[in-house]
Amino acid sequence: MSKPRTLFEKIWGSHIVQRNDDGTCILYIDRHLVHEVTSPQAFEGLRLAQRKVRRPDATLAVADHNVPTSHDRLKGITDPESRNQVDTLEKNVKEFGIEYFGMKDKRQGIVHVIGPEQGMTQPGMTIVCGDSHTSTHGAFGALAFGIGTSEVEHVLATQTLLQRPAKNMRITVDGELAVGVTAKDIVLAIIGKIGTAGGTGYVMEYAGSAIRKLSMEGRMTVCNMSIEAGARAGLIAPDETTFAYLKGRPLAPQGADWDKAVAYWKTLPSDAGATYDKEIVLAAKDIAPQVTWGTNPEAVAPITGVVPNPEEISDEGRKDFIKRALEYMGLKPGTKLTDVTIDKVFIGSCTNSRIEDLREVAKIAKGRKVAANVYAMIVPGSGLVKEQAEKEGLDKIFIESGFDWREAGCSMCLAMNADKLQPGERCASTSNRNFEGRQGRGGRTHLMSPAMAAAAAVTGKLTDVRELVAKPVTPAKAGV
Amino acid sequence: MNKFTTLSGIAAPLPMVNVDTDAIIPKQFLKTIERTGLGKYLFNDLRFTPEGTEKPEFVLNQEPYRKAVVLVAKENFGCGSSREHAPWALMDFGIHAVIAPSFADIFYNNCFKNGILPVTLPKEAVETLLKAAAEKKEITVDLPNQRVVCDNKTYSFDVEPFRKHCLINGLDDIGLTLEHEKNIAAYEKEQKGKQPWLYAT
Ligand code: SF4
């Protein structure tokens, strides 16, 4: 019998075009997602070298980072540089024959939302994109990772990448999550435990009963943030949940191919007895709703906690980091997190902008009002997510509660378009990065789940969503 | 691609951990469709006030560090996004090597594609180099011999042979891979036989 292999080893092994003496491999890339920010220089490189795109059929392009999310956006992008980037992408996809979802197309959306939504993302594949959150697609049991622009060009020209195998880490989360605790809390808790560099050099496979119980949306949230722990890729073994999600999607295998594909996908999960370079175990019941207090995702605490005191930290580098973070965030050691008031709420990003995320928000928002001191925006992950939400009437709940319901895009996740924080503004955000300036220069970001962000929106401060879940709205209070 | 062999000059100390790509080059400067011209935005928010005036306390606004060719920093340098604008901005500013105890994966990789050498050294060595850099001592980074020399001390570092070879010779990755085009085509043929759905569109 051959040696038991992990999911990662199986995907890696089946994509080797060539193994070099130094241990690097030319790895075949099955699917390539392209967006406007990291691709112009790659297409320019192809043109200069007179190269073609090897497999336009395996490539899909979309504009998401730069596009406005206001309702009048079809009038065109007013920022000349953003417009130029989107125009350049449109010119490039035409010239190189790549399928493209433009702003007028309802399939347009965040690159990591539309890949799965179209069924392009499938188990066992290798998938890349010039974006670090490509790790999202690992939720389907695909080896998916972010690359730089030079590698984008390399994949366009050769459909391969030169890579060295990563190490394997398994993170097992067993048991039941408490009410109000979600996939986002799981992954924030993991990052809090292992740190922003804890996954460097590894592919992280998430396992355990709490992970298996997650929907595809939840799994995507978890894999999405693998990069925030330093891992280029996250993986979750494909199962019936995965197959059910994919079945019937436009780019999923059809007819006889479907059965063949499922049979193959079932061979992918890690073999019993496969070994990992590192193992981490968490109990689901120990995870409380999480919120970040600092300027990277590892600076996280349970909502029941307090802002830490740097003077109690012995490691000098860490102490400096916390001091600087608290100064930037305008927070004092010992402050209860639930005492921190906010100015804005951003619900969106490739981490949390899918239909299920919006349903969670609606549950909390229903019958409540966004606090008077808060501006809250909801940016769906794609035009199709938006359409689905409207079909379910979620938009009415949002609008009635006072949320701004917008068009699809990256929006205030990275603030490349007009959606940004002003200096000093504090935001409850469902995105994935809270670096200094990420959501606008001087802006202060607290990362959390959609339910927690909704709770913050209606109370005007960081809030333990479990209190709102336990306390249904009374008609007298609603609509005030 | 730019070649890298041996580099001597001023090293700027940046004694911070987790220097992320948003700090190296904030997103408002990612709207370019060129690779060049980003040096003036390098470390924008650390270097300039919102009004655009220099912050005198930031190292790259001080002499002789305006002419730095090496940057010395602490753990997990380059974490965050995949933006290659980060190495482009460093390169355009004139920084051709970064020394740190550890780097984030994608950034590390992106450096090699752009003629920048990321050097990983043990924490103690980096601390010594941070001090030497603060004292304006010159640093030499010698890739062929895999060593950093400063203040009469020598520090050896590891680098993958293939990356070293490409950097020293300024080789274009794509051209190298396309020399194996036959293998790529053969792989595709076999995969198409086994997993036809991957080629169905
Ligand atoms: S939503 Fe944010 S993290 Fe996701 S792709 Fe867009 S900018 Fe990147």
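Me: What should I know about the model and the numbering first?
Reply: The model is predicted: local features need pLDDT of at least 70, side-chain atom pairs count only at pLDDT 80 or more, and totals for chains, interfaces and linings use all residues. Residues are numbered from 1 along each chain as its sequence is written, chains are lettered from A and ligands numbered from 1 in the order in which they are written, and side-chain values use heavy atoms, with hydrogens and water left out.

Me: How many salt bridges are there over all chains?
Reply: A search of the whole structure gives 44. A salt bridge here is a side-chain nitrogen of Lys or Arg within 4 Å of a carboxyl oxygen of Asp or Glu.

Me: What does A:R359 pair with?
Reply: A:E392, at 2.8 Å from N to O. This pair links distant parts of the chain, 33 residues apart. A:R359 is in helix α12 (residues 355-365) of chain A, and A:E392 is in the loop between α13 (383-391) and α14 (394-401). Helices are DSSP runs of H or I with at least four residues, strands are runs of E with at least two, and both are numbered from the N terminus.

Me: Is A:R359 buried, exposed or partly exposed?
Reply: Partly exposed, at 34% relative accessibility. A:E392 is partly exposed too, at 32%. Buried means under 20% relative accessible area, exposed over 50%, partly exposed in between (1.4 Å probe, protein chains only).

Me: And A:K386, which residue does that bridge to?
Reply: A:E407, with the closest N and O atoms 3.2 Å apart. A:K386 sits in helix α13, and A:E407 in the loop between β17 (404-405) and β18 (426-429), 21 residues apart.

Me: Are A:E407 and A:K386 buried or exposed?
Reply: Both are buried.

Me: Which residues form a network of salt bridges?
Reply: A:E44, A:R47 and A:E95 are linked in one.

Me: New topic. At what angle do α3 and α4 of chain B pack?
Reply: About 50°, with axes 9 Å apart. Helix α3 covers residues 85-93 and helix α4 residues 105-112. Axes are lines fitted to C-alpha atoms, for helices over the stretch in contact, and angles run from 0 to 180 degrees between N-to-C directions.

Me: What do we call that arrangement?
Reply: α3(B) and α4(B) are oblique to each other. Angles under 35 degrees count as roughly parallel, over 145 as roughly antiparallel, 65 to 115 as roughly perpendicular and the rest as oblique.

Me: Which residues meet there?
Reply: B:A86, B:P87 and B:L90 in α3(B) meet B:F107, B:N110 and B:C111 in α4(B). Contact means heavy atoms within 4.5 Å.
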